[in-house]
Amino acid sequence: MVERRVNVGWADGLHARPASIFVRAANAAGVPVTIAKAGGTPVNAASMLAVLGLGAQGGEEIVLASEDAGAEAALDRLAKLVAEGLEELPETV
């Protein structure tokens, strides 16, 4: 299992627009990824409803994880997206 712990960079947390950006990136990652609040139950990072259901707030720690081989790079890109609170999908995702 590969995981990344990161604080949510979007000031308002993973609400509709940031969650949509994140879910699109998770779908494009090419590996199955889960997302969870620190100490919480992981959910499918490619599911908009699941990500919104986390209720992750700005500055709160989340955990991105995958069991797939080669997930390191994908999790690095997703972690950067979340930590920096990017408003658009980076070209590398």
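This is a predicted model: local features need pLDDT of at least 70, side-chain atom pairs count only at pLDDT 80 or more; totals for chains, interfaces and linings use all residues.
## Basis

Residues are numbered from 1 along each chain as its sequence is written, and side-chain values use heavy atoms, with hydrogens and water left out.

## Fold and dimensions

The chain contains three helices and four strands. Helices (H or I, at least four residues) and strands (E, at least two) are DSSP runs, numbered from the N terminus. Read from the N terminus, the order of elements is β-α-β-β-α-β-α. The radius of gyration is 11 Å, close to the 12 Å that the globule rule gives for 93 residues, so the chain is as compact as a globular protein of that length. This radius is taken over C-alpha atoms, and the globule rule is 2.2 Å times the number of residues to the power 0.38.

Along the principal axes, the C-alpha atoms occupy a box of roughly 35 × 30 × 20 Å. Of the contacts with a separation of 6 or more, 72% are between residues 24 or more positions apart; contact means heavy atoms within 4.5 Å.

## Surface and charge

The accessible surface of the chain is about 4,700 Å², and carbon and sulfur atoms account for 50% of this surface. Areas come from the Shrake-Rupley method with a 1.4 Å probe; for residues, only the protein chains shown count as cover. Buried residues make up 39% of the 93 residues. Buried means under 20% relative accessible area, exposed over 50%, and partly exposed in between (1.4 Å probe, protein chains only).

The chain has 7 positive and 12 negative charges, and their mean positions lie 2 Å apart. Lys and Arg count as positive and Asp and Glu as negative, whereas His and the chain ends are not counted. Each charge is placed at NZ of Lys, CZ of Arg, CG of Asp or CD of Glu.

## Nonpolar core

In soluble globular proteins, nonpolar side chains tend to be buried together. Here the largest nonpolar core has 28 residues, and those with the most contacts inside this core are Phe22, Ile35, Ile62 and Leu64. A nonpolar core is a set of buried Ala, Val, Leu, Ile, Met, Phe, Trp, Tyr and Cys residues joined through side-chain atoms within 4.5 Å.

At least two core residues come from each of strand E1 (2-7), helix H1 (16-28), helix H2 (48-54), strand E4 (61-66) and helix H3 (71-84). H3 gives the most, with seven residues. Leaving aside residues up to four places away in sequence, Phe22 touches Leu14, Ile35, Ala45, Val51, Leu64, Leu78, Leu81 and Val82.

Ala73 is in helix H3 and is partly exposed, with a relative accessible area of 40%. Its C-alpha is 8.9 Å from that of Ala29, 44 residues apart in sequence. Ala38 lies in the loop between strand E2 (34-37) and strand E3 (43-44) and is partly exposed at 40% relative accessibility. Beyond residues up to four places away in sequence, Ala38 touches Arg5, Glu61, Ile62 and Val63.

Leu49, in helix H2, counts as exposed at 71% relative accessibility. The C-alpha atoms of Leu49 and Ser20 are separated by 9.9 Å. Ala69 is in the loop between E4 and H3 and counts as exposed at 76%. Ala69 and Arg24 are 45 residues apart in sequence and 21 Å apart in space, C-alpha to C-alpha.
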